[in-house]
Amino acid sequence: MRARGARRARGVRGKHGVRGGLCVLALALAAGCGLLPADQQSGSSGIVVTTNILGDLTRNIVGDEAEVTVLMGPGADPHSFAISARQAARIEDAGLLIHNGLGLEEGVARNVRAAEEAGVPALAVAEEADPLPFAEEAHETGGGAEEGGDLDPHFWTDPARVRTAVGLIADRVVAAVDGVDADAVRANAQEYAAELGRLDAWMTEEFEAIPPERRSLVTNHHVFGYLAERYGFEVVGAVIPSGTTLASPSAADLEALAGAIREAGVPAVFADSSQPDRLAHVLADEAGVEAEVISLYSESLTGPGQGAATYLEMMRANTEAIVAGLGSGSG
């Protein structure tokens with residue numbers, strides 16, 4: 001979008017000479033005061049996305065057809081990240097607001113609600129991607145977020161559901177965002193969906209290295225239910241028996257999970273890369289077994305060159321880590 005704006009500026013100056021140049025200067029000065037030209041504002045042509053995982057999907061789908069603003073920074077926690085007043089204003093002025101839904105973005109839930117009530121077109125992706133219920137122990141501790149209820153918002157750990165999400169996003173972009181080339185958006189979506197199909201096939205093959213009796217997952221909190229269903233894993237439990245990182249485990253929670261780990265012979269505990277892994281280490285010690293603590297990129301992308309800068313990179317890294325942690329040995 002910026003490149004298009006630059007071309008327009010040069011065109012004005014070429015056609016109108018000095019007067020056009022002064023106009024460009026005036027626009028530049030206005031931008032410094034927050035009065036951006038129309039094609040660079042957060043106005044009705046812009047797409048605002050809450051999480052960086054959804055942001056990566058959306059950018060692959062939209063390409064150069066519209067400006068995409070992603071609110072959540074690399075390595076942030078989607079449950080607790082907060083936004084600035086300027087970002088809140090972008091939500092209110094968005095041509096389309098794409099958010100995860102099912103209570104994931106707890107820190108910006110009120111901003112999303114306010115935008116929807118004001119008539120901003122919005123897509124809650126997880127709510128339309130065939131959501132699953134949380135594991136039973138997450139139900140018992142209140143599930144995940146304030147508005148998430150019993151449905152798990154972490155759909156992206158299943159690339160097949162992400163393919164569904166890609167189609168949902170493409171359809172909504174074409175319907176809601178003025179000026180986009182519908183054919184280009186749909187072509188981008190089809191190309192990216194093909195990549196997701198290849199990712200799914202590769203993950204299936206990689207997980208074949210893990211014997212069925214070792215396909216047991218213990219994580220920091222309940223985040224891999226969709227992956228477990230897709231690839232035949234059992235979620236033994238979570239250090240924080242909830243769908244949100246904002247909850248805290250009790251001593252009884254840790255004791256119960258330690259017993260489950262001993263019974264299942266779980267060789268590894270997987271900790272979210274964006275969360276401290278202290279509790280996972282405590283649990284591994286409490287369980288009385290040699291359980292390695294392995295970091296996964298479960299809820300946030302990283303910056304470039306840090307291991308999970310894109311959704312595809314994140315899922316490949318996680319697959320390799322899970323296979324390394326569970327794939328061999330006696331447990």
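Tutor: Let us begin with helix 7 and helix 11 (residues 311-326), whose axes come within 10 Å and cross at roughly 5 degrees. Axes are lines fitted to C-alpha atoms, for helices over the stretch in contact, and angles run from 0 to 180 degrees between N-to-C directions. That crossing makes helix 7 roughly parallel to helix 11 (under 35 degrees is roughly parallel, over 145 roughly antiparallel, 65 to 115 roughly perpendicular, the rest oblique). This is a predicted model, in which local features need pLDDT of at least 70 and side-chain atom pairs count only at pLDDT 80 or more, while totals for chains, interfaces and linings use all residues. Residues are numbered from 1 along each chain as its sequence is written, and side-chain values use heavy atoms, with hydrogens and water left out.

On the side of helix 7, the residues that meet helix 11 are Tyr192, Glu195, Leu196, Leu199, Trp202, Met203, Glu206 and Phe207. Their counterparts in helix 11 are Tyr311, Leu312, Met315, Arg316, Thr319, Glu320, Ile322 and Val323, where contact means heavy atoms within 4.5 Å. By class, this contact holds 11 nonpolar, one polar and four charged residues (Ala, Val, Leu, Ile, Met, Phe, Trp, Tyr, Cys and Pro are nonpolar, Asp, Glu, Lys and Arg charged, the others, Gly among them, polar).

Helix 7 (residues 182-207) also packs with helix 6 (residues 159-176): their axes come within 9 Å and cross at roughly 175 degrees. Helix 6 and helix 7 are therefore roughly antiparallel to each other. Among the residues of helix 6 in this contact are Pro159, Val162, Val166, Ala170 and Val174. Helix 7 contributes, among others, Ala182, Val185, Ala189, Ala193 and Gly197. The contact of helix 6 with helix 7 comprises 15 nonpolar, one polar and four charged residues.

These helices belong to a chain with 11 helices and eight strands. Helices (H or I, at least four residues) and strands (E, at least two) are DSSP runs numbered from the N terminus. Of the 331 residues, 49% count as buried, that is, under 20% relative accessible area, with over 50% exposed and partly exposed in between (1.4 Å probe, protein chains only). Among contacts between residues at least 6 apart in sequence, 68% join residues at least 24 apart.

Four strands form an open sheet in the order 2-1-3-4, with parallel pairing, and pairing requires at least two DSSP bridges between strands. Strand 2 (68-70) and strand 4 stand at the edges with a single partner strand each, so one side of each is left without a neighbour in the sheet. Neighbouring strands are turned by 15 degrees against each other on average, direction ignored. Strand 1 (residues 47-49) is joined to strand 2 by three bridges, and it pairs with strand 3 over three bridges as well. Val49 has Val70 as its bridge partner in strand 2 and Ile98 as its bridge partner in strand 3. Three bridges also join strand 3 to strand 4 (residues 122-124). Both faces of strand 3 (residues 96-99) are covered, with Leu96 and Ile98 buried on one side and Leu97 and His99 on the other.
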